[in-house]
Number of protein chains: 2
Amino acid sequence: MKKVGVVLSGCGVQDGSEIHEAVITLLALDRAGATAVCLAPNVDQAHVINHLTGQQTRETRNVLVEAARIARGHVTDIQRAHAADLDALIFPGGFGVAKNLSTFAFKGVDCTVHGDVTRLCKEMHQDGKPIGFLCIAPTLAARIFGGEVQLDLTVGSDPEVAAAINKMGGRHVTCATGDIVVDAANKVVSSPAYMCAKSVSEAATGIEKLVAKVLEMA
Amino acid sequence: MKKVGVVLSGCGVQDGSEIHEAVITLLALDRAGATAVCLAPNVDQAHVINHLTGQQTRETRNVLVEAARIARGHVTDIQRAHAADLDALIFPGGFGVAKNLSTFAFKGVDCTVHGDVTRLCKEMHQDGKPIGFLCIAPTLAARIFGGEVQLDLTVGSDPEVAAAINKMGGRHVTCATGDIVVDAANKVVSSPAYMCAKSVSEAATGIEKLVAKVLEMA
């Protein structure tokens with residue numbers, strides 16, 4: 001049974017993991033007979049957004065604790081995760097990727113990535129294990145590997161984020177909603193999901209393709 | 001295009017909507033060509049549970065605001081929802097159903113149900129429109145309709161909750177994980193989902209059957 005790390009960044013599209021993308025990833029893995037291992041960093045969220053109004057609130061929430069909502073309690077501090085224990089890794093999207101796993105939302109191409117996210121991605125790559133990036137998450141891949149390895153990545157067709165990916169050392173490939181871009185040599189797969197999707201089923205089509213491809217490579 | 005109300009009770013299995021059940025419901029509706037209309041009451045949650053530790057926290061969170069995380073911002077106060085605008089109604093589960101939509105978690109068979117939840121369910125029933133209840137949500141149906149109409153309902157095989165449903169005036173029917181119980185005369189469908197499911201795909205099988213049956217009846 002293949003074990004796949006699913007890296008969460010909170011619980012909610014505006015300040016954490018995109019919930020639909022995370023759940024559809026977990027469902028696709030389970031249906032394929034793989035075991036999902038939910039992971040998240042034990043850090044406070046960059047901020048909390050009221051998802052009804054879009055306004056920032058004065059609350060403080062922890063990424064690992066909120067991720068546990070999506071994971072039904074079963075989530076591990078990413079600090080304790082190692083590539084040796086995993087066959088593949090997948091990053092659902094949501095602004096939490098660009099706010100809590102990295103600082104891309106605030107600093108663009110000058111962003112930094114959480115230390116354990118960087119470490120785990122590099123370990124996976126060194127071990128020749130596949131990594132999937134959904135939605136905005138390919139920005140992580142560009143920041144982590146850019147300069148060392150030029151990965152084929154997609155966020156769909158957003159010109160601003162595509163340009164940032166290229167500037168950080170990735171190679172952005174335009175991709176239709178519901179499809180995937182595969183960097184076969186480096187075992188990296190990406191899909192635009194809610195970067196383009198106008199509905200949950202559009203996002204799901206790409207996510208299901210990504211999960212299948214990642215498992216095939218694992 | 002059929003419009004289906006999806007009643008949320010927060011965001012997280014321990015104090016709100018069960019996230020997997022809610023997302024799989026939304027996905028199944030979208031894939032069937034139906035439009036989901038997310039609804040939730042504008043009230044504070046009964047409490048907030050840290051989903052990592054299972055402990056209650058000192059926070060206050062609002063059901064409508066947290067439900068907006070699952071609904072990606074598109075959620076309507078259930079006070080403004082009317083059966084005339086909907087073709088069907090579905091309740092995902094999670095303890096929020098028994099804590100925020102009703103007081104079943106605290107008062108058992110002596111529980112009360114949120115006024116607008118009761119009103120909307122009764123309107124739907126009067127209009128001959130179908131309602132689906134997942135997981136623990138059939139307790140709402142038993143409390144709302146028990147005494148007037150004896151509905152066939154299932155929460156799987158949990159003896160305690162089954163007995164409560166019978167005591168409130170429902171007729172509990174044992175059901176396998178991943179299956180549904182249909183009360184055809186009253187257009188009510190239920191499925192155990194995470195009352196029994198040991199995995200997200202087990203829950204999904206029943207949810208997808210429930211959505212298909214509800215849409216067929218609509």
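**View 1. The phenylalanine pair of chain B, F91(B) and F133(B), in its buried setting.** In this predicted model, F91(B) is buried and F133(B) is too (buried means under 20% relative accessible area, exposed over 50%, partly exposed in between, with a 1.4 Å probe and protein chains only). The two rings form a stacked aromatic pair, 5.2 Å centre to centre with 5° between the planes. Rings of Phe, Tyr and Trp (its six-membered ring) pair if their centres lie within 6.5 Å, and planes under 30 degrees apart count as stacked, over 60 as edge-to-face and the rest as tilted. F91(B) belongs to strand 4 (residues 88–91) of chain B and F133(B) to strand 5 (residues 131–134) of chain B, so the pair ties together parts that are 42 residues apart in sequence. Helices (H or I, at least four residues) and strands (E, at least two) are DSSP runs, numbered from the N terminus.

**View 2. The stacked pair F91(A) and F133(A) in chain A.** The structure holds 2 aromatic pairs over all chains. In chain A, F91(A) and F133(A) stack at 5.2 Å centre to centre, with 5° between the planes. Both F91(A) and F133(A) are buried.

**View 3. Arginine over tyrosine, from one chain to the other.** Look here for the charged end of R72(A), which sits over the ring of Y194(B), 3.5 Å from its centre. R72(B) lies over the face of Y194(A), at 3.4 Å from the ring centre. A charge sits over a ring if NZ of Lys or CZ of Arg is within 6 Å of the ring centre and within 35 degrees of the ring normal.

**View 4. The open sheet of chain A and a helix packed on it.** Seven strands line up in the order 3-2-1-4-5-9-8, with mixed pairing; two strands pair if DSSP finds at least two bridges between them. At the edges are strand 3 (75–77) and strand 8 (181–183) of chain A, each pairing on one side only. Helix 1 (residues 19–31) of chain A packs on the sheet, touching strand 1 (3–7), strand 2 (35–40), strand 4 and strand 5 of chain A (contact means heavy atoms within 4.5 Å).

**Notes for all views.** Residues are numbered from 1 along each chain as its sequence is written, while chains are lettered from A and ligands numbered from 1 in the order in which they are written. Local features need pLDDT of at least 70, side-chain atom pairs count only at pLDDT 80 or more, totals for chains, interfaces and linings use all residues, and side-chain values use heavy atoms, leaving out hydrogens and water.

Terms used: Axes are lines fitted to C-alpha atoms, for helices over the stretch in contact, and angles run from 0 to 180 degrees between N-to-C directions.
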